[in-house]
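Hi everyone, thanks for coming. Please have a look at the protein on the screen, and then we'll walk through it together.

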Amino acid sequence: MKTFVGAIGALAMSLCWMGCSGAECSASTPCPEGQQCSAEGICVADTGPSCDDTSRPEAPNLISNPGFECGVADWQPYVGPAVVKISEETSNPKSGSKAMRIQYTETAAKQSRVAAFGKEIPVTGGETICYRAFMRGTGRNGHIVVRESRPGGGFDTSYSSPITLNDWVEVPPSVALRKITVGNDTTSVHVRFELRQPADQDTLIVDDVALWRSPDGSCSER
Ligand SMILES: [Ca+2]
């Protein structure tokens, strides 16, 4: 019997050596490949960089995958993928290791605008929200748009800025311009990034998107 228990123990140890999560770890005792050492000193699954922006817990960012560290998950092209392609951009991100690239390919039917948009975010009618992002790219201007969904249709608040390919520009450029008080009948919003009257292969690159509720109404948290 004693031999049998010993064999079970040895088997469990060898399995954990191969990668049981929950094992204790430290700087000198790292976790197996595919796991990372948690703040509590326990091996947990390594899920890669966080998709979420947790930098301001007092004013949580409501955008999913706001820094594109999970590629373009939760973002969609506006107009078909043959015309506008969205993809992850790994060259010169604003932060982390990735940004989002929106690229227009001109077809026989020239488009007056192409865009990418994020997930729908529920809001309360009449509330004030804040928004901000960084853009670079080609073409005349990049546009950030907050689209309100209302029973009678949509309502856009837009801010545009000249862009260049290599330098990030913050939009809107000041705290005072980040505020939107949504309509009394607005039920949700989403954020959209847009090129208007694009030329073939014009590109808009976006990173660090934020939309949040300001605890003191100032929109100065981010
Ligand atoms: Ca990023």
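Strands here are DSSP runs of E with at least two residues, helices are runs of H or I with at least four, and both are numbered from the N terminus.

Before going on, two notes. This is a predicted model, where local features need pLDDT of at least 70, side-chain atom pairs count only at pLDDT 80 or more, and totals for chains, interfaces and linings use all residues. Residues are numbered from 1 along each chain as its sequence is written.

Now the overall picture. The secondary structure of the protein comes to 1 helix and 14 strands. Of its 222 residues, 31% count as buried. Buried means that 20 or more other C-beta atoms lie within 10 Å of the residue's own; exposed means 12 or fewer, partly exposed is in between, and the C-beta atoms are placed from the backbone.

Back to Asp208. Its phi is near 50°, a positive value in a residue other than glycine. Is Asp208 buried or exposed? Asp208 counts as buried, because it has 23 C-beta neighbours inside 10 Å. Asn65 also has a positive phi, of about 50°, although it is not a glycine. You'll find Asn65 in the loop between strand E2 (43–45) and strand E3 (76–78), and with 21 C-beta neighbours inside 10 Å, Asn65 counts as buried.

Next, the core. A nonpolar core is a set of buried Ala, Val, Leu, Ile, Met, Phe, Trp, Tyr and Cys residues joined through C-beta atoms within 7 Å. The largest one here has 40 residues, and Met100, Met135 and Val206 touch the most other members. The largest share of this core, 7 residues, comes from E14.

Take Met135. Leaving aside neighbours within four places in sequence, its contacts include Phe193, Leu204 and Val206; a contact means that two C-beta atoms, placed from the backbone, lie within 7 Å.

For contrast, look at Val145 in strand E9. Why is Val145 called partly exposed? Because 18 other C-beta atoms lie within 10 Å.

One last stop: a cis peptide bond joins Val171 and Pro172, with omega about -20°. Pro172 is in the loop between strand E11 (169–171) and strand E12 (179–181).
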